[in-house]
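Here is a briefing on a protein model. Please read it with the sequence and the coordinates at hand.

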Amino acid sequence: MTTPLRDAAVAEAPVPAGSVLAIRGGRPLRGRVDVKGAKNLATKAMVAALLGESTSILRDVPDLSDVAVVRSLLEVHGVRVSEGEEAGSLVLDPSDVESAHYEEIDAHAGASRIPILFCGPLLHKLGQAFIPDLGGCRIGDRPIDFHLDALRKFGAIVEKQPSGIRLSAPHGLKGANIHLPYPSVGATEQVLLTAVRAAGTTELRNAAIEPEIMDLIALLQKMGAIISYEPNRVILIEGVEQLRGYDHRCIFDRNEAASWACAALATDGEIFVGGAKQQEMLTFLNVFRKSGGWFDVKEDGILFRRGSELKPVVVETDVHPGFMTDWQQPLIVALTQASGRSTVHETVYENRFGFTQALVKMGADIVVHPHGLQDGPRRVPRRELEQAAVITGPTPLHGADIVVPDLRGGYSHVIAALTAEGSRRSPASTSSVAGTRSSSTSSGRSARTSTSSGDLMAASERSRPSIFWPLAVLIIPLVSLLAKITVTDADKLPREGAFVLAPNHYSEFDPLIVAVAVYRTGRLPRFMAKESLFHVPVLGWVLRRTGMVPVARASSASAAKQTMTQSRELVEHGRGVIVYPEGTLTRDPELWPMRGKSGAVRLALSGDIPLIPMAQWGTQQIMGRYQKGLSLWPLRKRVQVIFGDPVDVSDLVGRAGSPRR
């Protein structure tokens, strides 16, 4: 049982709308927290269930957006995923695995890079696989060439198409000798998931050996795989014809444990991290101690606190057993309170210091060297992508309103807010707490309550001064300079009242396309858009100032429930309809809408709300997926927006179901 952290800095005032954390810092963080299972293992273990011939059970699964994405992808491929009897467990039944339409994969994958790991298992099961354009946190290019090269060596045929990459294995997959140019975790996982059922023996050299990799090997061995780890980063895999399901408990999350440790260090608190293990954190613990931290390893976890005045350190990130790149962000926050100059050399990814801009805004003295530093002895060889951050302290941090750029930097900002004097509001990423606020009780416990949709409506009305509508009207026609947008059957939209827009999350151009469509037809109803769009320059400003309502992408149980509640009350308030932009509506009705699994369908069923399909043809010619830059040349590219007839979704009762609990 987890004991709530005491003296945690929390917010007393309600948040207006969207995924916002309001934090009042300046107090030590004390208490106990039990870490969840490692995300970097859980998502890969879920994919491994595809390889089995029977049901698998995965335990200690964290409630994160990445897990929800993998679950959705498994479900569109026919895997039945359900909650287990034990809290935090999943039951995965792959007995009816089938091919999925590429638009289903694309819609459910979003910005996740996990679909690449589906390739090996699907090639074994179905003889083919498809990968949409891949995203991920903005921390570097993270090329998939390692993955594709490895799959080719197994005998896969790789075809690049406009919508993604299609792979096939008409002659099956065979064992191969593979040498990775860099010990990539993702590529190592790809080889493991592919080689276990490939004919013959596979030898993988220069493999990643992270604890999560070793745990994945242990899981695959439970399924019947034959895998041995040899010296010098060599892994041997003897392929087998058949694998069974597994019953496995995820290894603890090293990232989460280190983040809590840094929170204790930065706030001068004391935190017991239940479930943390010493062996997997040896390198971190050494740096923690050198920087002035104190820890005590217990049988059921590790206790962290300061042991002395914080000291500057020099850190070089590296693959395991080096200092993990995910550890440097929370550590940098703590180092802002150390006396002297610290240096962190980032050698794994080229874009990992973007989060420091917010820390500087809060008062930190951090200088990022985009091409690294040449001076001083080095343990890790220099890489071309290397960057370095120099942190000079101690510097008192103060409250500020900042935006969380990505998953990995988000918790570091929370630690900084807890360390800072004064209040601070943080619009969080979709993987953070969505639409919640915390309040302090007399017992020191933290109480969390959801933001009501009524508050959202009131906030929306207050934030829509009439002066901004003319400005929006000026900006919206500007989009017409970039595209020749034609609208078909716009009269099916109401002329007044609200409607919900559930935009394709991979294309941030969608809201403006729809705005142009309704503007040209004299219809300017309110719509809801995903929260991250509100941080896009110009677009976000227009959305905020015209009273549009931000919602978190419903990628977790809490976010799904909140989004459903907000959507239902907003639509009922405005007596509107749901507009669902999905191209398959007009192309292949049998696939629509996501075989009854979309939130739009559940909302329509639960609220008896009309649902109107919408298709956009040509949007991606103007704006590439996962990019924020518009293609300005040549101008006047054609986009057609089509509104369909209201759809009767009653036949989907029992297929769409209710939001996951």
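**Trp260 and the model**

Trp260 counts as buried because its relative accessibility is 15%; buried means under 20% relative accessible area, exposed over 50%, and partly exposed in between, with a 1.4 Å probe and protein chains only. This is a predicted model, in which local features need pLDDT of at least 70 and side-chain atom pairs count only at pLDDT 80 or more, while totals for chains, interfaces and linings use all residues. Residues are numbered from 1 along each chain as its sequence is written, and side-chain values use heavy atoms, with hydrogens and water left out.

**Where Trp260 sits**

- Trp260 belongs to helix α8, residues 254-267. Helices (H or I, at least four residues) and strands (E, at least two) are DSSP runs, numbered from the N terminus.
- Arg32 lies 228 residues from Trp260 in sequence, yet their C-alpha atoms are 9.7 Å apart in space.

**The four-stranded sheet**

- The strand order is β2-β14-β16-β15. The sheet is open and its pairing is mixed. Two strands pair if DSSP finds at least two bridges between them.
- β2 and β15 stand at the edges with a single partner strand each, so one side of each has no neighbour in the sheet.
- On average, neighbouring strands of this sheet are turned by 15 degrees against each other, direction ignored. Axes are lines fitted to C-alpha atoms, for helices over the stretch in contact, and angles run from 0 to 180 degrees between N-to-C directions.
- Strand β2 (residues 30-34) runs parallel to β14, joined by five bridges. Arg30 faces Glu270 in β14, and Gly31 has Ile271 of β14 as its bridge partner.
- Strand β14 (residues 270-274) pairs with strand β16 (residues 301-306) in the antiparallel sense, over five bridges. Gly274 stands opposite Gly301 in β16.
- Strand β15 (residues 293-298) is antiparallel to β16, with six bridges. Asp296 is set opposite Leu303 in β16. The hairpin from β15 to β16 passes through two residues.
- Why is β14 largely enclosed by the rest of the structure? Four of its five residues are buried.
- In a regular strand, side chains alternate between the two faces of the sheet.

- Contact means heavy atoms within 4.5 Å.
- Helix α9 (residues 282-290) also packs on the sheet, touching β15 and β16. The direction of α9 makes about 140 degrees with that of β15.

**The α6 and α7 pair**

- Helix α6 (residues 185-195) and helix α7 (residues 211-222) have axes that come within 11 Å and cross at roughly 10 degrees.
- α6 is therefore roughly parallel to α7. Angles under 35 degrees count as roughly parallel, over 145 as roughly antiparallel, 65 to 115 as roughly perpendicular and the rest as oblique.
- From α6, the contact uses Val185, Thr188, Glu189, Leu192 and Leu193. From α7, it uses Ile213, Leu216, Ile217 and Leu220.
- These contact residues divide into seven nonpolar, one polar and one charged. Ala, Val, Leu, Ile, Met, Phe, Trp, Tyr, Cys and Pro count as nonpolar, Asp, Glu, Lys and Arg as charged, and the others, Gly among them, as polar.

**Cysteines**

- Cys119 is buried at 1% relative accessibility. Cys262 is buried at 0% relative accessible area.
- How many disulfides are there? The count is zero, where a disulfide is a pair of cysteine sulfur atoms within 2.5 Å.
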